[in-house]
Amino acid sequence: MRNAFADAFYDLAREDERICLVVADITAAAGVASFQKEYPRRFVNVGVAEQMMISMCAGLALRGFIPFAYTIATFTIYRPFEQVRIDCCYQNLPVRLVGVGGGVSYSTLGGTHHAQEDVALMCALPNMTVLAPCDPAETALVTRSCMAVLGPVYLRLGKAGEPTLTANAPDPFRFGKVRTIRPGKDVCILTYGPITQLAFELATRLEHERLIGTAIVSVHCLKPLDEDGIRSVLTSFKTVVVIEEHAPYGGLGPRVKALAWECKATCRLQTFSLKDDFIHVYGTHAELLKAHGLDSESLFHDIASIAG
Amino acid sequence: MSVQNFSAADVKARCKGYRRRILDISQTVGALHIAPSFSCLELVATCYFGLLKGGTSPDIDDTFILSKGHGSLAQFAVLEDLGVIPSSWLDHYCKPGWPLATHPDYGTPGIEASTGSLGHGLALAVGMAYGDKLRGIDRNIFLVMSDGELQEGSVWEALMTAPSLGIHNIVALVDLNDFQSLGRTSVTLPNFYPMLEKLQAFGWTTTEVDGHDPQAIFSAVENRDPSKPQVVLGRTIKGKGVSYMENVPVWHYRSPNSAEYEQALREIGEVNP
């Protein structure tokens, strides 16, 4: 995902001199490396100084630039939270905050590097747009599309090695709209970000082993949320499931539940998320998710029993 | 919004008028940052009536940021004087439905950044200055900061970054009144001092002046080493001009009662005696 971002960024930055990249001692390879080489003045590494990175971006935006801040998600938005809130959101400036390793992608780096609450925090901020693509292809589309947003944007990325999931998507990408990326008639899984890969494993198993047709809908834009699109899902399927790599508070799950209540949805609705707890076990990304109940085996049985 | 011919006497006279104006406003609200505004008035006014170079295009005007946003009345009084904001706005300071409140907000005429939370202005200025550098625009960015503000780590990130990026067109004027909300800065954090050496070590040119002397402030900036960004440490008195307010922490955020108001007016004196 980070390379898909980097290449899309490079394509944009070549065409638009307003685009700058400010990093805090972490950068991307691929297109970003090319950008740094070809446009060294528009690439700034402020060192391990994340508050500086965000304020610098806001200052550039006050001068008419469209700056991107880039580092690990925890350092993009947690360390300099007040700079994000005041400099970017309160002043409503077109700063793009890129967080690599959203969720617990940086599994073995431990809790200091896990962004488990990022969607809640960023959605709580007025003026902020929150984007979380599900695969490299959607990352490229979202990166290009976010240039149209007038205010600040949080772009939540995974890490590297995510598979392409949207090549056969029945729905075309429309920026800000939910998108069916796998067809199915019985169950609909609403999800976003790299955990969409797990949703595909589940959908395949549910169909093959239980004959439960399972659709997957990518919610790449968490704020503003495509409420009409979510309502349509809630009224079209008998069973709706939310799977998110995020704390139980403030993410997609509670929003979908609120919408279901408001539109008097009659579907069965179950949400799955990380627990309200830090993760102290070490292992792969999948092993960490499993520690919080987000694994194919557990979810398969849970969803099969709801939908069966 | 610039005045080409600097006159220290003119700035002093204006500041007397601003103190009276702020005192008048104090009688319309329950509380206001009166002493922090009096402390930085000469620093702010010397920027607007001496240091800021203007033009007809907003793209080439110098920039002013009141990084110690709680001194906003000082900036509002100047902006009113310059005709940038209407008097009716200041007459209705902190009133429902009117645009001016305790801290400067981006979007208000004459306000180039939202401040109020300390430690943001200098880093924003670094971003602005770098943007100007990319565009080849030659202009200065002036800030007025508080001494307590320099306790924020974000300020030191910006102090480190500006000279490292080759930025030399930022002038930060520090309102060195030795007070923060709860007491003397020198008692709160003795190791905050000495300031000059710390700032020089970070690559800034520094000067210490009487922060209530417009001529000294003006000369310090005009005669600076243009190859480096500058910090001007302006020694000031919190609550300057009103004896019972000077160096008394409670006036950080309090309105005088009517007797105190009358005494303050007498001490400040007439603008044109």
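Visitor: Leaving aside neighbours within four places in sequence, which residues is Phe192(B) in contact with?
Guide: Quick ground rules: this is a predicted model, where local features need pLDDT of at least 70 and side-chain atom pairs count only at pLDDT 80 or more, while totals for chains, interfaces and linings use all residues. Residues are numbered from 1 along each chain as its sequence is written, chains are lettered from A and ligands numbered from 1 in the order in which they are written, and side-chain values use heavy atoms, with hydrogens and water left out. Contact means heavy atoms within 4.5 Å. With those sequence neighbours set aside, Phe192(B) is in contact with Asp147(B), Leu150(B), Gln151(B), Thr185(B) and Lys198(B).

Visitor: Is Phe192(B) buried or exposed?
Guide: Phe192(B) sits in the loop between helix H7 (185-188) and helix H8 (195-201) of chain B; helices (H or I, at least four residues) and strands (E, at least two) are DSSP runs, numbered from the N terminus. Leu150(B) is 42 residues away in sequence but 8.7 Å away in space, C-alpha to C-alpha. The cut-offs are under 20% relative accessible area for buried and over 50% for exposed, with partly exposed in between (1.4 Å probe, protein chains only). At a relative accessible area of 7%, Phe192(B) is therefore buried.

Visitor: On strand S2 (residues 141-146) of chain B, how many residues are buried?
Guide: Take the two faces in turn. One side carries Ile141(B), Leu143(B) and Met145(B), the other Phe142(B), Val144(B) and Ser146(B), and both are covered. That makes the buried count for S2(B) six of six.

Visitor: What is the handedness of the crossover from S2(B) to S3(B)?
Guide: S2(B) pairs (DSSP finds at least two bridges between the strands) with strand S3 (residues 170-176) of chain B in the parallel sense over six bridges, and Phe142(B) stands opposite Val171(B). The chain gets across through helix H6 (residues 153-164), making a β-α-β crossover. With the strands pointing away from the viewer, a path from the first strand over the helix to the second that runs clockwise counts as right-handed. This one is right-handed.

Visitor: Over in chain A, which residue's side chain has a polar contact of 2.9 Å with that of Arg182(A)?
Guide: Arg182(A) lies in strand S7 (residues 179-182) of chain A and is buried, with a relative accessible area of 13%. A polar contact is a pair of N or O atoms within 3.5 Å; within protein, one must be able to donate a hydrogen and the other to accept it, and residues adjacent in sequence count only if both atoms are side-chain atoms. The backbone oxygen of Thr214(A) is 2.7 Å from a polar side-chain atom of Arg182(A). The side-chain partner at 2.9 Å is Glu207(A).

Visitor: Which strands stand at the edges of the five-strand sheet in chain A?
Guide: The sheet is open, with mixed pairing and the order S7-S9-S8-S11-S12. An edge strand here has a single partner, so one side is left without a neighbour in the sheet. The edges are S7 and S12 (268-272) of chain A.

Visitor: What angle does the direction of helix H8 (residues 196-210) of chain A make with S9(A)?
Guide: Strand S9 (residues 214-218) pairs with S8 (residues 187-191) of chain A in the parallel sense over five bridges. H8(A) packs on the sheet, touching S7, S8, S9 and S11 (239-243). Axes are lines fitted to C-alpha atoms, for helices over the stretch in contact, and angles run from 0 to 180 degrees between N-to-C directions. For H8(A) against S9(A), that gives about 165°.
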